[in-house]
Amino acid sequence: MTDTIDRLAGLEQGSPTFTTRHEREKVALATQACEDLLLGNQLDSALTQAERLVLAAEQARVSGVSTLEAEYRSRAKALGQAITPELRAILDQPGTQTGNARLDAMLHFVRTLALNPAQSDQAALLAIPATGLSLNDTVLLAQLIGFVAYQARLLAGVKAMAELGGVTEAPAALPVDAAPFVHPANLPPPGEPLRRNGFTSETLDWKAWLQVLDPGTATPEQQHVLEVSHPKAKSMDFYLLLARQPQVLLERSQAFNAIMYAPGGLSRAEREVAATAVSRSNGCVYCASVHAQRFEQLAKRNDVMAQLFDEPDTAGTNARERAIIQASLTLTRAPGSFGPQQLQPLRDAGLSDLEILDMLHSAALFGWANRLMLNLGVEIYATL
């Protein structure tokens with residue numbers, strides 16, 4: 001099976017970066033499966049494959065990831081007559097409006113979310129079904145945008161790894177201060193809510209802006225996906241909304257679990273650092289709260305979370321954390337300019353190639369997660 005990331009990043013079988021990437025084979029397989037669903041012709045959808053490919057190309061263009069843009073432009077043009085004059089205008093005149101209300105509403109959504117997901121809002125989402133797209137297809141569009149955000153950043157990161165060059169053994173870790181950790185007196189103890197600068201580690205709820213499924217009337221496929229997605233999925237708006245596209249939700253869950261919970265490599269706590277850094281940069285209060293809380297549970301401290309909430313560009317309590325945070329921020333904000341220079345500090349701080357890949361996976365993944373949370377609903381504070 002052809003793997004798009006391998007092919008576009010120029011990875012040859014047996015090369016150091018290819019070998020490292022396929023140590024996380026579950027991630028590679030789930031990533032490709034998501035692409036095949038979202039950009040292939042398997043799904044029964046009024047959002048045509050031609051439209052999806054053109055929108056993906058446009059998002060990659062705005063994101064600055066030219067290799068991915070060229071890939072989807074080429075695939076779209078290969079569809080021939082399925083590319084309508086309006087779709088061809090988007091391919092031939094970047095940034096154009098088509099005059100077609102349905103297509104222009106989707107284009108606005110794509111272009112806004114490409115780099116600045118917090119700038120979109122409920123009105124931008126509701127404009128899409130208002131032009132005739134079904135709720136199921138609106139969810140499909142949101143998943144497509146989230147996936148392309150993830151794929152573009154993963155591609156940029158893997159290419160940077162290949163350009164940096166692999167190493168045959170893990171670099172020596174920097175010396176660590178052996179003094180016992182002392183919790184900062186100005187912070188609440190881990191486990192108590194950390195509230196700073198509009199962000200928090202407390203448990204939040206989330207409310208969808210679109211009508212969610214009724215679990216009692218869901219199809220057997222939707223019921224199955226809800227059951228395997230999360231223990232509380234049948235009572236959570238997020239899953240009840242995404243289950244409108246059960247196959248996509250299932251593959252996304254496979255990717256999420258393989259990235260965040262795979263054994264070995266980057267520590268679970270440091271994956272949460274990358275996830276929180278991306279969420280803070282994108283302005284996703286909900287995701288930042290979940291993953292700051294998980295970091296606290298794993299690391300038994302919250303000092304770096306407080307730093308991230310205050311000022312992500314200077315956050316990090318040691319060289320490893322600072323390198324992880326800075327690479328995550330650059331990958332989030334400017335994937336088109338991400339290169340080996342952003343990865344060298346990770347290697348200098350003692351991260352192995354597998355740890356670097358895990359960091360890239362975590363940061364790219366939250367480009368997807370944040371876009372779903374920010375643009376399909378809103379966080380709700382359970383307590384004040």
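This note covers a pocket, a cavity, a helix pair and an aromatic pair in a predicted model.

1. Ground rules. The model is predicted, so local features need pLDDT of at least 70, side-chain atom pairs count only at pLDDT 80 or more, and totals for chains, interfaces and linings use all residues. Residues are numbered from 1 along each chain as its sequence is written, and side-chain values use heavy atoms, with hydrogens and water left out.

2. The largest pocket. Its volume is about 600 Å³. A pocket is an open set of points on a 1 Å grid over the protein atoms alone, with protein on both sides within 12 Å along at least five of seven lines; lining residues have an atom within 4 Å of a point. A volume is the space filled by probe spheres set on the points, which are joined across faces, edges and corners. The lining has 25 residues, and His230, Tyr239, Tyr286, Val290 and Arg294 lie nearest the centre.

3. Two or more lining residues come from each of strand 3 (204-208), helix 11 (237-242), helix 12 (246-261), helix 14 (285-299) and helix 18 (353-376). Helices (H or I, at least four residues) and strands (E, at least two) are DSSP runs, numbered from the N terminus. Helix 14 gives the most, seven residues. By class the lining has 13 nonpolar, eight polar and four charged residues. Ala, Val, Leu, Ile, Met, Phe, Trp, Tyr, Cys and Pro count as nonpolar, Asp, Glu, Lys and Arg as charged, and the others, Gly among them, as polar.

4. The cavity. The count is one cavity of 30 Å³ or more. In a cavity a 1.4 Å probe fits but cannot get out. Helix 4 (49-63) supplies the largest share, four residues. The lining divides into five nonpolar, no polar and four charged.

5. Helix 7 against helix 9. Helix 7 (residues 101-115) and helix 9 (residues 135-164) pack at about 35 degrees, axes 10 Å apart. Axes are lines fitted to C-alpha atoms over the stretch in contact, and angles run from 0 to 180 degrees between N-to-C directions. Contact residues (heavy atoms within 4.5 Å) include Met106 and Phe109 of helix 7 and Leu141 and Arg153 of helix 9. They divide into eight nonpolar, no polar and one charged.

6. Aromatic pairs. The whole structure holds eight. Ring centres must lie within 6.5 Å; planes under 30 degrees apart count as stacked, over 60 as edge-to-face and the rest as tilted. Phe147 and Trp368 have ring centres 5.5 Å apart and planes at 80 degrees, so they are edge-to-face. This pair links helix 9 to helix 18, 221 residues apart.

Methods: Rings of Phe, Tyr and Trp (its six-membered ring) pair if their centres lie within 6.5 Å; planes under 30 degrees apart count as stacked, over 60 as edge-to-face and the rest as tilted.
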